[in-house]
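Here is a friendly walk through one protein model, written for someone who likes to keep the structure open while reading. Please have the viewer ready.

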Amino acid sequence: MTADAAGGPGAAAARLTGRRTTATRALSGSGALAEVTLDDGRTVVVKRGDGPEAVRAEAAGLRWLAGADAVRVPEVLGQDEQWLVTERVPPGRPSARAALRFGRALAALHAAGAPAFGAPPPGGPEEARIGLAPMRDVPGDDWPDWYAEHRVLPYLRRALDDGVLRRSEAAVVERVLERLPELAGPAEPPARLHGDLWNGNVLWGADEQVWLIDPAAHGGHRETDLAMLHLFGCPRLERVLEGYQEVAPLAEGWAGRIGVHQLFPLLVHTVLFGRGYAGQAVAAARGALGHGLDG
């Protein structure tokens with residue numbers, strides 16, 4: 001359809017790119033996400049932020065990831081307090097070659113580093129987002145302490161308060177947090193994370209490159225991004241991991257720590273979407289504890 005009226009994604013694209021728009025195609029029922037065609041022939045993606053600082057956080061994250069010159073991310077073409085305009089990625093199909101290349105690029109992204117665990121991207125707010133959920137980027141020096149305090153505990157408490165997690169279930173997660181210094185594996189320097197690396201944020205482009213969108217970028221543990229790839233499935237994940245290990249071999253026992261890193265996103269999903277995810281969170285916690293006993 002033609003470009004929309006003032007206040008919608010087409011008007012935002014025109015204002016933020018300085019180009020006239022010729023068509024708008026909604027990608028969501030709410031109108032918060034759309035593809036907009038500009039008068040120079042380009043098609044851009046226009047997204048409305050979910051919260052007061054959402055656009056600033058996402059734009060800063062995209063620029064920070066791009067600054068590592070490792071993974072592909074869409075260029076930020078314009079932003080204001082409500083709208084973000086980015087380059088559109090023409091879709092392709094997952095291939096073994098693209099997956100291997102992506103694994104190597106992801107390792108290079110992580111190696112670009114961050115000032116601290118929890119450090120926000122330059123220009124990014126402390127009160128950030130992971131999908132629809134709030135996420136505070138507060139720097140810390142010790143990953144187990146930081147992860148427990150600023151990632152797992154806020155959502156564990158909220159899940160209890162909301163009644164979507166039982167006290168006995170929360171106790172299993174709490175045992176993981178108590179043992180986190182030993183369960184976390186060897187100390188790692190802060191990595192430059194995408195931060196919300198589930199399959200929906202991994203785009204297989206027509207150029208046979210993998211592009212990353214919708215980051216919750218911050219300084220963190222590199223195994224966190226890999227655990228997210230495992231959580232909801234990723235095409236050709238074995239090849240992605242092969243490429244990653246070629247560039248930056250993971251510490252021994254990393255696969256047994258996947259559950260530790262999945263606790264945060266699973267608790268976020270429990271709070272947002274209910275008890276369907278509570279069982280997965282508890283299973284991840286029990287798996288982490290069992291791995292610790294085996295180790």
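Arg19, Asp39, Asp40 and Arg42 are joined in a network of salt bridges. The model is a predicted one, and a search of the whole structure finds 23 salt bridges in it.

| Aspartate 214 | Lysine 47 | 3.0 Å |

Let us take them in turn. Lysine 47 forms a salt bridge with aspartate 214. This pair links distant parts of the chain, 167 residues apart: lysine 47 sits in strand β3 (residues 43-48), while aspartate 214 is in the loop between β10 (210-212) and β11. Aspartate 214 has a relative accessibility of 27%, so it counts as partly exposed, since that class lies between the 20% limit for buried and the 50% limit for exposed.

Glutamate 246 is partly exposed at a relative accessible area of 44%, and arginine 104 is partly exposed at 35%.

Are glutamate 223 and arginine 257 buried or exposed? Both of these residues are buried.

Histidine 221 is placed in the loop between β11 (218-220) and α7 (222-231). Its relative accessibility is 2%, so histidine 221 counts as buried, the limit being under 20%. Which residues does histidine 221 contact, leaving aside its neighbours within four places in sequence? They are Phe117, Trp143, Ala184, Pro186, Glu188, Leu193 and His261.

Next, turn to helix α5. This helix runs over residues 167-178, and its 12 residues should span 16 Å at 1.5 Å a residue; the end C-alpha atoms are 16 Å apart, so the two values agree. Within α5, Glu169, Ala170, Val172, Val173, Val176 and Leu177 are buried. These residues lie on the same side of α5, because they cover an arc of only 150 degrees around the axis. Ser168 and Glu178, on the other side of α5, are exposed.

Valine 176 and arginine 286 are 110 residues apart in sequence, yet their C-alpha atoms are 8.1 Å apart in space. Arginine 286 lies in helix α10 (residues 278-294). With a relative accessible area of 52%, arginine 286 is exposed, as the class begins over 50%.

Finally, look at the surface. Leu132, Leu272 and Phe273 form a nonpolar patch there, with about 290 Å² of accessible area together. Phenylalanine 273 belongs to helix α9 (residues 258-273). Its relative accessible area is 51%, so phenylalanine 273 is exposed.

Technical notes:
Residues are numbered from 1 along each chain as its sequence is written. This is a predicted model: local features need pLDDT of at least 70, side-chain atom pairs count only at pLDDT 80 or more; totals for chains, interfaces and linings use all residues. Side-chain values use heavy atoms; hydrogens and water are left out. Patches are made of residues with over 30% relative accessible area and no salt bridge: like charges are joined within 9 Å, nonpolar side chains (Val, Leu, Ile, Met, Phe, Trp, Tyr) within 5 Å. Accessible areas come from the Shrake-Rupley method with a 1.4 Å probe; for residues, only the protein chains shown count as cover. A salt bridge is a side-chain nitrogen of Lys or Arg within 4 Å of a carboxyl oxygen of Asp or Glu. Helices (H or I, at least four residues) and strands (E, at least two) are DSSP runs, numbered from the N terminus. Buried means under 20% relative accessible area, exposed over 50%, partly exposed in between (1.4 Å probe, protein chains only). Contact means heavy atoms within 4.5 Å. The expected span of a helix is 1.5 Å times one less than its number of residues. The arc is that of the directions from the helix axis to the C-beta atoms.
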